Amino acid sequence: MRKTHLLTLGSIMLTATLAGCTGKTARLDYPEAPKDNTVDTIFGMEVADPYRPLENDTSAVTAAWVEAENALTQKYLSQIPYRGKIRESLTALSDYVKRGLPWKGNDGRWYFSENDGLRNQSVIYRADNPKGEGREVFLDPNTLSDDGTVALTGISQSKDGKYTAYTISRSGSDWTEIYVMETATGKLTEDHIEWAKFTGAAWDGDGFYYSAYPRPEAGKENSQANENHTVYYHKLGTPQADDTIVFSDPKAPLHFHTAQVAESQPVTFVYIGGEGIGEAVKVRRDGVWTDMAPDQDYNTSVIDVIDNKIYIFTTYGAPKGRIMTADLARPGRDSWKELIPEAEGVLTGAAFSGDDLWLTYEKDAASQVEIHSMDGKKKSDVKLPGYGSVGLSIDRKHPEDVFYAFTSFTSPSVLYSYNPATGESAEIFSPEVKGVDLSEYVTEQVFYPSADGTEIPMFLTYKKGLKRDGKNPVYLYGYGGFNVSLTPSFSPYRMFMLDNGVIYAQANLRGGSEYGEEWHQAGTKQNKLNVFNDFIAAAEYLVKENYTNPELITIEGGSNGGLLVGATVNMRPDLFKVAFPRVGVMDMMRYHLFTIGWNWASDYGTSADSPEMARYLLGYSPLHTIRNDGTPYPAIMVTTADHDDRVVPAHSFKYAAALQAADTGDAPKLIRIDSKAGHGAGKPVAKVIDEYADIYSFMFHNLGIEPRFSE
């Protein structure tokens, strides 16, 4: 089908020039990418894919191209005179204590995570009280690597508290390793699990359940399609080779299988996903798996099992979520009974504290918390400090110990204890961001019409005293997919932008879960253009309402949000000045062929589904819809990483190569390829600071604005 003609290593040359720091850049000379003559025929459509060689991320030619691209990008960035000062400012802003919620272990002691400022990874501490007084280090991930690229991704204790299992990721990969240590002494056991993925350790008896894939082919660990996710049981003190298969389904190799053991009653469940928008659920009774939720058309999860009654969260019959119950002896969906009906807000979480059922809701993308009794009756609301996002730390065994974290765009995560008897909250930890007066900033929520008239919410955060004169730079962020809701959150790095007069805009696009499953479905498959139109309408609204103008708008999004940025730039290059498509899904015709890309089909559809679906995907695929007619594009810096096995770097490689080859004006089109990093989770603080220093330098330079720095 294709004839391959690869470039020699010596033919990949690098030359570049950078104009003075005025925001104007001479056209760059880009490295020539390896090409061939690949043309795929999909339902009769011929789809050229000339940069197919870049899919081989371990080849010498690809490695040479990556090296040349990084050299060009670093040369460009190094000549921006304030880049170093931005890095210094971001480092100072990040240098404050960040603490996670305390939780009580099964050994009776308290645990919490904390980063004292600039550690690459947060440390797990334990103490005899939830405030952390007299604490000691329990697990320090920073000791697991020299450069902070080993991240702790999960931790769980055996039911008796004697052992603690923890999961790690190396260099940002989704591949997971599991280790076990004696809780009291911290001494590692000989138990070690490899090639696990999308799993924790679910303890049951003298071992735990976990999920893993077959060992991938050598050299293709980060690109090979992942199939046959299997649940195993590992008995402590035995080698992984002796682990027993608990659940698998070879007839459905593209399903996820994950085990859960209920807290209050040791009942085992398996969740089955990957095909639909939700999960099927099976429960094991007398060694036999019985259907509880038979399909993947709805989100369903088990809250707990108490006195042989299963408490269930589900969107079945309730797009915004509700609580149901079922007898353990009759777990099937046809026997479920409604306990708490669907409400106005979107139900996002449920957990027991004693006999109280705590529910978290989102209304217009902000958190609300309610307390209900076990019979479903509402007892009270929890009064929150303001408009933001909430996380809970509660346990049915310890109803007297209730904690929650609250954060917003203008508040880092503050920890509170809650008194169930009085309904009062007390602050137990409040971080202090050095050199920042958070009271100088304000957040407002606006609603704007999309192309079809749908009202879309958007948060705007900026420095008080803002003048709506059309001269304010804007940093517009979006995602719009996979039932992900963009709620208020704090970023110390963002404070640098805000202090320099930038408006941070966060749009709650369709495709997310902000208003339930109907909102999600309105941004999927052949409704995907709604998401792009929502994002474009956000920028148009900000211009129309005189917040800004197109010469001052920067857009950013990651993963599915990278797709968003790539697609909207192609649709409306005139509307944006700078764009950051980060770790994006850029090749919509082939995304399903790599690692777990097939799992995204429930949101996107695939090019193999039908002629109609293939044409729809081709119509917006960022790689395939880049203009090549002289239309000026924004300044673009693509970002990806060499260990991203979620959205493989080939997406960004091919997109950047095509972008650089196209006639889209003189604004720079660069790619920043991180090393020993993945999709983003667990990235060391030092690498995060470096990345944002480069992003902000690129942005300010191409906006023609020289940032000011606090003394």
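Residues are numbered from 1 along each chain as its sequence is written. Because the model is predicted, local features need pLDDT of at least 70 and side-chain atom pairs count only at pLDDT 80 or more, whereas totals for chains, interfaces and linings use all residues.

Strand β5 pairs in the antiparallel sense with strand β3 (residues 98-99) over two bridges, pairing being assigned if DSSP finds at least two bridges between two strands, and Arg99 stands opposite Glu114 in β5. Strand β4 (residues 103-104) is likewise joined to β5 by two antiparallel bridges, with Tyr111 as the bridge partner of Trp103. Five residues lie between β4 and β5 in the hairpin that these strands form, and Gly108 in the turn has a positive phi of about 90°. Strand β6 (residues 123-127) runs antiparallel to β5 and is joined to it by five bridges, with Trp110 opposite Ala127.

Elsewhere, four strands form an open, antiparallel sheet in the order β20-β21-β22-β23. Strands β20 (300-306) and β23 (337-340) stand at the edges with a single partner strand each, so one side of each is left without a neighbour in the sheet. Within this sheet, β20 and β21 (residues 309-314) run antiparallel and are joined by six bridges, and Asp304 stands opposite Tyr311 in β21.

Notes
Side-chain values use heavy atoms; hydrogens and water are left out.
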